Amino acid sequence: MTGPNTLYYGDNLDILQHHIGAETVDLVYLDPPFNSKRDYNVLFKEKTGEASPAQIEAFTDTWAWDRAAERAYDELLADSPANVAQMISALRQFVGANDMMAYLVMMAARLVELHRVLKPTGSLYLHCDPTVSQYLKVMLDCIFGVRNYRNEITWQRTNVHSDSKRWSDVSDRLLYYVKDFRTSYRWNPPYVALSDDHLSSKYRNTDAEGRRFTLSDMTSPNPRPNMMYEWKGFTSPPLGWRYSRETMAKLDEDGRSWYPQNKQQRPRLKRYLDERAGRLLSDVWTDIDPINSQAKERLGYPTQKPLALLERIIAASSNPGDVVLDPFCGCGTAVVAAEKLGRRWVGIDITHLAIALMRYRLTDAFPGAAFEVKGEPADVSSAQMHAEADRD
């Protein structure tokens with residue numbers, strides 16, 4: 001991508017096929033509809049803050065197996081790689097010709113194109129819920145390859161609520177794949193601040209300069225006969241030391257070694273708090289709150305995701321100047337996060353509302369930011385054609 005940041009209005013499959021070149025994108029984030037059988041609406045308010053009775057439909061998260069779905073299925077079998085055609089055919093035999101299958105056909109066609117546009121060093125995060133995550137995982141394993149699967153991240157998006165006959169549903173999934181695990185794909189390890197409890201329990205020691213530190217083991221966890229030696233009057237541990245004599249001497253010289261008065265104990269290594277980046281994140285995220293009714297960033301868009309969530313993903317799997325693509329960008333949280341973090345971006349959505357909301361959000365948050373909007377109706381006749389297409 002060499003041009004300006006771009007918002008595309010239209011069907012993301014068509015835009016991917018005709019406007020996004022092969023191997024031009026560094027990171028894909030997609031938060032597609034989940035086939036949840038709900039119509040989502042945005043409620044607009046009057047200047048007084050009172051709710052307006054007028055609602056504009058944002059999108060319909062409903063799929064049906066009809067002639068269009070059958071045609072898309074046939075095209076997928078004819079045009080996709082052989083393994084993808086076999087996979088989607090097997091899914092139809094298992095799932096049947098129903099609404100779920102219509103959704104899966106829609107997603108499979110787009111995932112094939114998203115794989116095409118990713119650079120060899122690129123990554124993809126697919127945001128989904130348990131309604132369809134198991135089917136989407138099968139698709140991604142087929143299209144990207146099982147060995148390119150990295151993680152299934154669990155994001156706790158809400159607190160426990162009352163579900164009388166099942167475990168409370170409080171989380172979404174993020175399926176994380178890379179284009180080719182053999183490359184130096186983008187990965188910036190994400191850290192979060194250490195908790196106060198951790199600091200008070202682990203970093204209780206301070207040196208003469210007031211630096212806080214914790215102590216860690218200097219003995220080997222496995223047998224190392226070549227590391228069995230006496231050090232400063234301390235006998236060798238049963239399995240040997242973790243470090244060579246040369247390394248032990250360097251640690252001692254740098255003031256990194258802590259020595260107990262009791263020779264029956266072992267020296268330990270000082271690890272300073274001010275040298276830690278924080279706690280490395282796991283694949284369970286509980287520290288990012290959802291967009292609730294009181295959230296400052298709330299826009300009223302029904303499936304809006306927190307900016308912090310997208311910032312974490314983009315920071316971990318891309319570098320400044322890289323291209324981020326969101327093919328179902330809705331209210332545009334991914335492109336806002338990309339702009340904020342100095343990435344280039346492409347956003348695609350099929351609704352007028354989403355494009356208008358993203359245009360407003362970008363210009364409000366980043367006055368003077370340069371971007372293009374492509375595909376919007378230029379005149380009345382074009383608008384009528386788009387309206388008819390939306391109804392189909």
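Is Tyr73 buried or exposed? In this predicted model, Tyr73 has a relative accessibility of 6% and therefore counts as buried, the limit for that class being under 20%. The ring of Tyr73 also takes part in an aromatic pair with Trp65. The centres of the two rings lie 6.0 Å apart and the planes meet at 65°, so the pair is classed as edge-to-face. Trp65 has a relative accessible area of 18% and is likewise buried, because this value falls under 20%.

A search of the whole structure finds ten aromatic pairs. Among them is the pair formed by Trp345 and Phe371, with 6.0 Å from centre to centre and 45° between the planes, a tilted arrangement. Trp345 belongs to strand S16 and Phe371 to strand S17, so this pair ties together parts that are 26 residues apart in sequence. Trp345 is buried, with a relative accessible area of 0%. One aromatic cluster is made up of Tyr125, Tyr176 and Trp187.

The strands S16 and S17 are part of an open sheet of nine strands, in which the pairing is mixed and the order is S14-S6-S7-S5-S2-S15-S16-S1-S17. The edges of this sheet are formed by strand S14 (284-285) and strand S17 (371-374), each of which pairs on one side only. Strand S1 (residues 5-9) is mostly covered, with five of its five residues buried. Asn5, Leu7 and Tyr9 lie on one side of S1 and Thr6 and Tyr8 on the other, and both faces are covered. S1 pairs with S17 in the parallel sense over four bridges, and in this pairing Thr6 stands opposite Glu372 of S17. S1 is also joined by four bridges to strand S16 (residues 344-349), and these two strands run parallel. Here Tyr9 stands opposite Asp349 of S16.

Leu30 has Leu126 of S5 as its bridge partner. Helix H4 lies across S2, S5 and strand S15 (323-326), and runs at about 150° to S5. Helix H5 (residues 133-144) packs on the sheet as well, where it touches S5, strand S6 (149-156) and strand S7 (171-178). The direction of H5 makes about 5° with that of S7.

The largest nonpolar core has 51 residues, of which Ile88, Met107, Leu126 and Met139 touch the most other members. Helix H4 (residues 99-117) gives the most to this core, contributing 14 residues. Leaving aside neighbours within four places in sequence, Met139 is in contact with Met87, Ile88, Leu91, Leu104, Met107, Ala108 and Leu111. A second, separate core consists of 36 residues, including Leu27, Val192, Ala354 and Phe366. In soluble globular proteins, nonpolar side chains tend to be buried together.

A second open sheet is also present. This sheet has four strands in the order S9-S10-S12-S11, with antiparallel pairing. Strand S9 (205-206) and strand S11 (257-258) are its edge strands, each pairing on one side only. Strand S10 (residues 212-217) and strand S12 (residues 268-272) run antiparallel and are joined by five bridges. In this pairing the bridge partner of Phe213 is Tyr272 of S12.

Burial was also examined for helix H8 and for two cysteines. Helix H8 (residues 307-317) is mostly covered, nine of its eleven residues being buried. The buried residues of H8 are Leu307, Leu309, Leu310, Glu311, Arg312, Ile313, Ile314, Ala316 and Ser317. The count of disulfides comes to zero. Cys331 is in no disulfide, because the nearest cysteine sulfur, that of Cys329, is 8.7 Å away, whereas a disulfide requires sulfur atoms within 2.5 Å. Cys331 counts as buried, at 4% relative accessibility. Cys142 is also buried, with a relative accessible area of 17%.

Technical notes. Residues numbered from 1 in each chain as written. Predicted model: local features only at pLDDT ≥ 70, side-chain atom pairs only at ≥ 80, totals over all residues. Heavy atoms only, no water. Buried < 20%, exposed > 50% of the residue type's maximum accessible area, 1.4 Å probe, protein only. Core = buried A, V, L, I, M, F, W, Y, C linked by side-chain atoms within 4.5 Å. Contact = heavy atoms within 4.5 Å. Pairing = 2+ DSSP bridges. Axes fitted to C-alpha atoms, helices over the stretch in contact; angles between N-to-C directions. Phe/Tyr/Trp six-rings, centres within 6.5 Å; stacked < 30°, edge-to-face > 60°.
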